[in-house]
Amino acid sequence: MDYTFFLEWVQFAVRWLHVITAIAWIGSSFYFIALDLGLVPEPGAPKGVHGAAWQVHGGGFYHIQKYLVAPAQMPDRLTWFKWESYMTWLSGFAMMVVLYWTQAQFYLIDPRVMELPVWGAILISIGSLALGWLLYDLICKSSFGENNTRLMLGLYVILVAMAWGYTQVFSGRAALLHLGAFTATIMTANVFLIIIPNQKIVVADLMAGRTPDPKYGKIAKQRSTHNNYLTLPVIFLMLSNHYPLAFASAYNWLIASLVFLMGVTIRHFFNTHHAHKGKPWWTWGATAALFVAIVWLSAIPKADAGEDMEDSAMLTPFEQRFAAAPGFDEVSGIVMGRCSMCHANEPGYEGIGHAPKGIKLETPREIAAAARQIYVQAGLTDAMPPANLSYMEPQERAAIRAWFRAGEAGTKGAGETDRAEAMIAAPHPNAS
């Protein structure tokens, strides 16, 4: 039971919390958007009621009325929908800390993209999230944001620019995850800094006997609409870290950009349907066309940059540590014999078209770079190889555990330092 063991369980627990709270937030968000769009005028309704709806669920009937501004008198009990959003962001931020910050050398930084110190990568990570909200909020409050269509187009341009920018700084996996976090930060900040405060202003006016200004409701609805259209792309981006065809492709930033358009077409269908304005089936054709374009983009191979070959052969300090740890030669032989038939540029195992999770284990450098994944998947557990198809022996798993723990402790065997330095100086194994 070492640090990595406990960290795995912390990540699992936080991820579980994140999924639970996200389900609650997205569920309530989708429900209220559908409810709001489905409201119809009701004869004999109290003054100020904008629309009403009858719904049935769980064996009972519900009669729901919406006041355009607020009722003449505040009810004794009022339910606020806010903590679902707050806890989703907080748990997601915790996930970023325990996965991408504490293990920045594995998941956040890719020296082939940009050489960054850990502290610098973390600073860019948190700074970009804050900057995104400030820029978005500034545009919304400007004269540019008075036109909703123009505002949505402007927001899309910002998201595309951020998609490209993240891929120029972080690993592909971290880039798409951060784009999702960037978008989710805007969504939660909308709730925390705009929607809920505006609703509280309305409540305070009612309690003081003043007539609330309808502008606060209008602003809140604009931000809520933005959240509605951004929800599906955020879910895609959060799931993308499990699928290398999305995050490790040559045009991952463009794939992410098209996903935002898919979110618009899908939500447009349901929003129009819930508003009783028909069913725009054309949106599904547009969605399918966008998805086909994404699949096509994911199949375009990355160009080999000859001038970058020397840089890509360099080991990071973390890779050097595991390459120099006692037992590395033995583990390299085990991994290449048991794992590289799938984890390769061109997998040799039938039915495997791409290296799972984008992890390739054909060279010493790749094995050193994937030290933690190898330890967790094949050392601590028997998750890999799947169903033990390549017959990894218990003593081989023990060798993996001993090697990783030695590397994590920073110990080096006799002659191992020279061999690691030789790996650094050697030409890239794939260079011709």
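Q: What does Ser-125 touch, leaving out residues up to four places away in sequence?
A: Ser-125 touches Met-96, Trp-101, Phe-170 and His-178, where contact means heavy atoms within 4.5 Å. A word on the source: this is a predicted model, where local features need pLDDT of at least 70 and side-chain atom pairs count only at pLDDT 80 or more, while totals for chains, interfaces and linings use all residues. Residues are numbered from 1 along each chain as its sequence is written, and side-chain values use heavy atoms, with hydrogens and water left out.

Q: What makes Asn-388 partly exposed?
A: Its relative accessible area is 25%, so Asn-388 is partly exposed.

Q: How do you know that α2 is roughly antiparallel to α4?
A: Helix α2 (residues 83-101) and α4 pack at an angle of about 160 degrees. Angles under 35 degrees count as roughly parallel, over 145 as roughly antiparallel, 65 to 115 as roughly perpendicular and the rest as oblique. That makes α2 roughly antiparallel to α4. Angles run from 0 to 180 degrees between N-to-C directions, with axes fitted to C-alpha atoms over the stretch in contact.

Key
Helices (H or I, at least four residues) and strands (E, at least two) are DSSP runs, numbered from the N terminus. Buried means under 20% relative accessible area, exposed over 50%, partly exposed in between (1.4 Å probe, protein chains only).
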